[in-house]
Amino acid sequence: MSQLKKGAILSYGTIFLTNALGLVLTPFIIRKLGNSEYGLYTLVGSLIAYISILDFGLNNTIVRFVAKYRAQNDLKKEENFLATTMLIYAFISLIILLVGIGFYYNIHSFFNKLSTIELAKAKKLFAILIFNLTITLPGGTFNAICSAYEKFVFPRALTLIKYLVRALLIFTILMLNADSLGLVILDTILNCVFITISAFYVFKFLKVKIKLHELSGYAIKNIFSYSIWIFVYAIASQFQWQSGQIVLGAISGTKFIAIYSVGVLLGSYYATFSSAISGLFIPKAVKMIANNNSEKELTDTMILVGRLCMYILFLIFGGFLLFGKNFIELWVGETYFDSWLIAIIIMIGYTIPLIQIFGNSILEAKGKYSFKAILNLIFLSLGVLLGIFLTRFNPTIGMIFGICFCWIMSQIILNYYYIKVIRLDIKRFFIELFKRMIYVFPLILLITSFLNIINGINWIILGIKILFYVIVYLIMVYKFSFNEYELNLVNGLFKKFKINKNE
């Protein structure tokens, strides 16, 4: 089995595990910390997320350029490029430290609704997380190198182990009455340990060398001419989700922040099921562009990847649409009912962009990321402003509706760009994508919707409902939606499983 397939399997294994752990740990953390401290914990995390964009998109840049130099078999340029990026990261870490000091002494100006005790704890959380950030940003270089080398198994297996260890340790320290400070200290220690392991793998097994042959202004300019647009897109991404917590922190209490954060958390889980695929295909997109593959071939690959993502996303979205209310009530309680609505709105806004995730890889490979970055920054800034206006009607729902509405508008424009500039056949993409699912998916929802007639809410009943829905979904999709390639793919996996079992 190839690194790509193994990487995809490990990616989805990690996603299922981390999401399951998150679903189990989140209510446990809320109960142990309390709604107010959990809201404070997520609020400071949101502020740190804004500062983390000072990465300037270098990790994505590393994947693109190292993959390019490997395709050209230019070891010297690869070594020099990596050395240059490490110097840039050293400078970035210094900037983050200075920015962090500035925020630390003025944090009361941003969150004047917090009590004196909450502000004191927020400053401690912030200081530890800033230190964490100065380590983890350059540490991400090693995972980026693995991706560029198309070695997906080790970093994803390591991530899987990291989340298992983290979950066990979080449970342990919270049972010992640790607070939010204990959580951020734990994360900092784990990041240091696993970054060290990643670095050992890159240097020992991949034989990667980081050597500065020359410090070229042209090389630095070349790096930033690409990464700056990843940076702009990162800014837009922070506006997209983290701004809600910041705005609610300024105009309301920590209770609303906690409700909003849970909804965004569920929405982010939804996104991971597609983004895991995109990380695997960036090197492939770079090679396709380098080999001058036609727009038709790019569209074909986008359709192939998009349909695989669609099946997974529709399965999750349909299940959450039908049974999400029951899940929220059992998971974190009726207080968080609005979190279900927030997650549904995010999923609606997320679905098409996630299905078109390979288009994102094409833009990166072609060096055409600037349009998407600027487009998202403009529209998501408008979305935040619209959300702020709508908070007067409903603080949490108004905020997320404004953001997602403007995001959908930006995706409509982006598809026009795909057609006119990138020359992708977007009409054929959507026809091939939905020509069967457009009636199969509503039929699945109709068939399984009667399950909500069953009275009583507990985990066993909810589990039975979800299991029945999944079985109906898989049968209907297999029988009525799969094309020839997808049938061969699934049947091939079953055959390999049977062979391995017989052996």
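How many salt bridges does the structure hold? The structure holds seven salt bridges, a salt bridge being a side-chain nitrogen of Lys or Arg within 4 Å of a carboxyl oxygen of Asp or Glu. This is a predicted model, in which local features need pLDDT of at least 70 and side-chain atom pairs count only at pLDDT 80 or more, while totals for chains, interfaces and linings use all residues. Residues are numbered from 1 along each chain as its sequence is written, and side-chain values use heavy atoms, with hydrogens and water left out.

**View A. Lys121 and Glu37 form a salt bridge.** Their closest N and O atoms are 3.1 Å apart.

View B. Asp179 sits in the loop between helix 8 (153-175) and helix 9, 58 residues apart from Lys121. Asp179 counts as partly exposed because its relative accessibility is 25%.

**View C. Asp179 stands at the start of helix 9.** A side-chain oxygen of Asp179 reaches to within 3.1 Å of the backbone nitrogen of Leu181. Helix 9 (residues 180-204) has 25 residues and spans 36 Å from its first C-alpha to its last. That is close to the expected 36 Å, which is 1.5 Å times one less than the number of residues.

**View D. Arg166 and Asp187 are joined by a salt bridge.** The N to O distance is 2.6 Å. Arg166 is partly exposed because its relative accessibility is 22%, whereas Asp187, at 15%, counts as buried.

**View E. A nonpolar surface patch includes Leu97.** The patch covers about 640 Å² and is made by Phe91, Leu94, Leu97, Leu98, Ile101 and Tyr105. Patch residues have over 30% relative accessible area and no salt bridge, and nonpolar side chains are joined within 5 Å. Leu97 is found in helix 4 (residues 75-104) and, at 41% relative accessibility, counts as partly exposed.

Definitions and conventions
Helix = DSSP H or I, 4+ residues; strand = E, 2+ residues; numbered from the N terminus. Polar contact = N/O pair within 3.5 Å; in protein donor to acceptor, adjacent residues only side chain to side chain. Patch = residues over 30% accessible without salt bridge, like charges linked within 9 Å, V, L, I, M, F, W, Y side chains within 5 Å. Areas by Shrake-Rupley, 256 points an atom, 1.4 Å probe, with all protein chains shown as cover. Buried < 20%, exposed > 50% of the residue type's maximum accessible area, 1.4 Å probe, protein only.
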